[in-house]
Amino acid sequence: MPRVYAVLGLLTVALLNLGGAGAHSKHSYQTIEEDNYSWEEAEGYQECQEFSNDPGYNEFLMNSDAQDSDGSSPNDFGNNPDNQGNFRKNPKPKPLEEICGPYECPMFQKVESSGCGFEERIILRANWTVTDIDLKSPDGYREAYFRLHGYRSGAMNDRGLEMDMAVPVVKKWWMDEDGNTLAATMSFYIPADVQSNPPASTDEQLRVEQWDDATIYIRAYGGDRHDPEHLKQFELLKTALAKQNLTPYPYMKMTAGFTRPGYGRQRREVILVDNADMV
């Protein structure tokens, strides 16, 4: 049976006030020092060897003889801290077990898989606050974040209820058949103490949605990347899923941000939803 963890598994917008969240998880986790966990422990899955040996993934490292702190060669694993073009580089992504101890996270089931290059989860039904992102506005992402923050702070909900910050912050994009972005949203998870009866939004641009159970596939990375290169992670994810004959929904992609950008070790995830849960 899959194990249940208290977490969802990118937000490229600053997760303000995240550092002040209290401890809410009912699960007990042991903090792991970065030098004491492997890339597989950090990411949550085993990487595909062909990705590590592909210059398109492991850029500039094919002729490197350097070694990382854990003794592995960056030519094999891509852990070169000076290589900004390399996806698998230091800092390693922060393990979920470290995040969902001090912060409240939604519930999911981790599905054991024999595949490589991704983690499979079943996200359990829950309520989220959701707002549309104005893709035509240069401040669209920032404005969406602050609307969600207004709801969480109590300024924009009908009870004036201040809620603790939960993680992750999720963004969704919907695309047409040519891959053009049609719309996007940003979402906060509603904490457990009001999950069954969340306050109503007083902002007409923000709503509460219940998301049903869904199977998702993720890839994780560390660092604080905002450049378009991180979107290549979606292509790596699709390739890894195809190796296992798994079909993601082609018209939506998601990202999740678990840690505040520029603050300590990071965790970002790219996410695709199983096609069967979207049709």
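Confidence first: the chain averages a pLDDT of 78, and 70% of the residues score at least 70; pLDDT is the predictor's confidence in each residue, from 0 to 100. This is a predicted model, so local features need pLDDT of at least 70, side-chain atom pairs count only at pLDDT 80 or more, and totals for chains, interfaces and linings use all residues. Residues are numbered from 1 along each chain as its sequence is written, and side-chain values use heavy atoms, with hydrogens and water left out.

Strand β4 (residues 126-132) has the highest confidence at 98, while helix α3 (residues 74-77) has the lowest, at a mean of 31. Helices (H or I, at least four residues) and strands (E, at least two) are DSSP runs, numbered from the N terminus. The pLDDT stays below 50 over residues 1-32, a stretch with 118 contacts beyond near neighbours in sequence. Residues 59-85 are also below 50, with 64 such contacts; contact means heavy atoms within 4.5 Å. Where pLDDT is low, the predicted coordinates should not be read in detail.

Now the cysteines. The structure holds two disulfides, a disulfide being a pair of cysteine sulfur atoms within 2.5 Å.

| Pair | S to S | Angle about S-S | Hand |
|---|---|---|---|
| C48 and C116 | 2.1 Å | 100° | right-handed |
| C100 and C105 | 2.2 Å | -100° | left-handed |

C48 sits in the loop between α1 (39-43) and α2 (49-52) and C116 in the loop between β2 (108-111) and β3 (119-123), so their link ties together parts that are 68 residues apart in sequence. In sequence order, the bonded cysteines pair 1-4, 2-3. C48 is buried at 0% relative accessible area, and C116 is buried at 15%. C100 counts as buried at 1%, as does C105 at 4%. Here buried means under 20% relative accessible area, exposed over 50%, and partly exposed in between (1.4 Å probe, protein chains only).

K243 belongs to helix α6 (residues 232-243). Leaving aside neighbours within four places in sequence, K243 is in contact with C48, E50 and C116. Its C-alpha atom is 9.7 Å from that of G117, 126 residues apart along the chain. K243 is partly exposed, at 41% relative accessible area.

Residues lining the largest cavity include T129, R152, D164 and F188. Both α5 (140-153) and β6 (181-189) supply at least two lining residues each.

Terms used: 1 Å grid on protein atoms, 1.4 Å probe; cavity = no way out; pocket = protein on both sides within 12 Å on 5 of 7 lines; lining within 4 Å.
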